[in-house]
Amino acid sequence: MSDTLFTKIINRQIPADIVYEDEHCFAIRDINPQAPVHLLLIPKKPIDRLSAAEAGDQALLGHLMLAVGKITRDLKIDNAFRLAINNGADAGQSVFHLHLHILAGRAFSWPPG
Ligand code: AMP
């Protein structure tokens, strides 16, 4: 499988504003932000989409959730943020390497569009 955009960012082949990194994941600022704070939290393992995750990814998926907590606390947006995963092209997924959108800094409506 050829490298995804996000794998190239992890490997520093493509520049990005990396705001967090640990052994299993990293977070960058979205290049086309939809809120004053718009981060993408990305596992280093290139899982195609959430629905392609397997039982062996359980610890990684939990790790991502805890990383969301750490990142949002560090950025002082932990009081209000929106977490979104687009799974599949019809749901708006454009990069097929699992990523969590963390959005903050404005009010969010419900249901989402
Ligand atoms: P999705 O549409 O859910 O797959 O999200 C992909 C996100 O990646 C979009 O919000 C894009 O704006 C963002 N994106 C695409 N290329 C880059 C890049 N080079 N650096 C940062 N974010 C990017």
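A residue counts as near a molecule or strand when one of its heavy atoms lies within 4 Å of it. This is a predicted model, so local features need pLDDT of at least 70 and side-chain atom pairs count only at pLDDT 80 or more, while totals for chains, interfaces and linings use all residues. Residues are numbered from 1 along each chain as its sequence is written, and side-chain values use heavy atoms, with hydrogens and water left out.

**View 1. Who sits around the ligand?**
Here we look at the 15 residues that surround the ligand, the closest being Asp30, Asn86, Gly92, Ser94 and His101. Some polar contacts (pairs of N or O atoms within 3.5 Å; within protein, one must be able to donate a hydrogen and the other to accept it, and residues adjacent in sequence count only if both atoms are side-chain atoms) show up in this view. The side chain of asparagine 86 has an N or O atom 2.8 Å from an oxygen atom of the ligand. Histidine 101 also has a side-chain N or O atom 2.8 Å from an oxygen atom of the ligand. On its own the ligand has 500 Å² of accessible area, and the protein covers 83% of that (areas come from the Shrake-Rupley method with a 1.4 Å probe; for residues, only the protein chains shown count as cover).

**View 2. Strand S2 and its partners.**
Helices (H or I, at least four residues) and strands (E, at least two) are DSSP runs, numbered from the N terminus. Strands pair if DSSP finds at least two bridges between them. Strand S1 (residues 18–21) pairs with S2 in the antiparallel sense over 3 bridges, and a hairpin of 3 residues joins S1 to S2. Look for isoleucine 18, whose bridge partner in S2 is isoleucine 28. S2 also pairs with S3, again in the antiparallel sense, over 5 bridges; there, arginine 29 has leucine 39 of S3 as its bridge partner. Is S2 mostly covered or uncovered? It's mostly covered, with 4 of its 5 residues buried (under 20% relative accessible area; exposed is over 50%, partly exposed in between; 1.4 Å probe, protein chains only).

**View 3. Inside the largest nonpolar core.**
A nonpolar core is a set of buried Ala, Val, Leu, Ile, Met, Phe, Trp, Tyr and Cys residues joined through side-chain atoms within 4.5 Å. The largest one here has 17 residues, and Tyr20, Cys25 and Leu64 are among those with the most contacts inside it. At least two residues each come from strand S2 (25–29), strand S3 (37–43), helix H2 (58–74) and strand S5 (100–104). H2 gives the largest share, 5 residues. Apart from this core lies another, of 8 residues, including Phe6 and Val95.

**View 4. Threonine 72, tucked into H2.**
Threonine 72 belongs to helix H2 and counts as buried because its relative accessibility is 1%. A polar atom of its side chain lies 3.1 Å from the backbone oxygen of glycine 69. Not counting residues up to four places away in sequence, threonine 72 touches Ile77, Asp78, Phe81 and Ile102 (contact means heavy atoms within 4.5 Å).

**View 5. Glycine 88 in its loop.**
Glycine 88 is found in the loop between strand S4 (82–84) and S5. With 7% relative accessibility, glycine 88 counts as buried. Arginine 49 is 39 residues away along the chain, but the two C-alpha atoms are separated by 7.2 Å.
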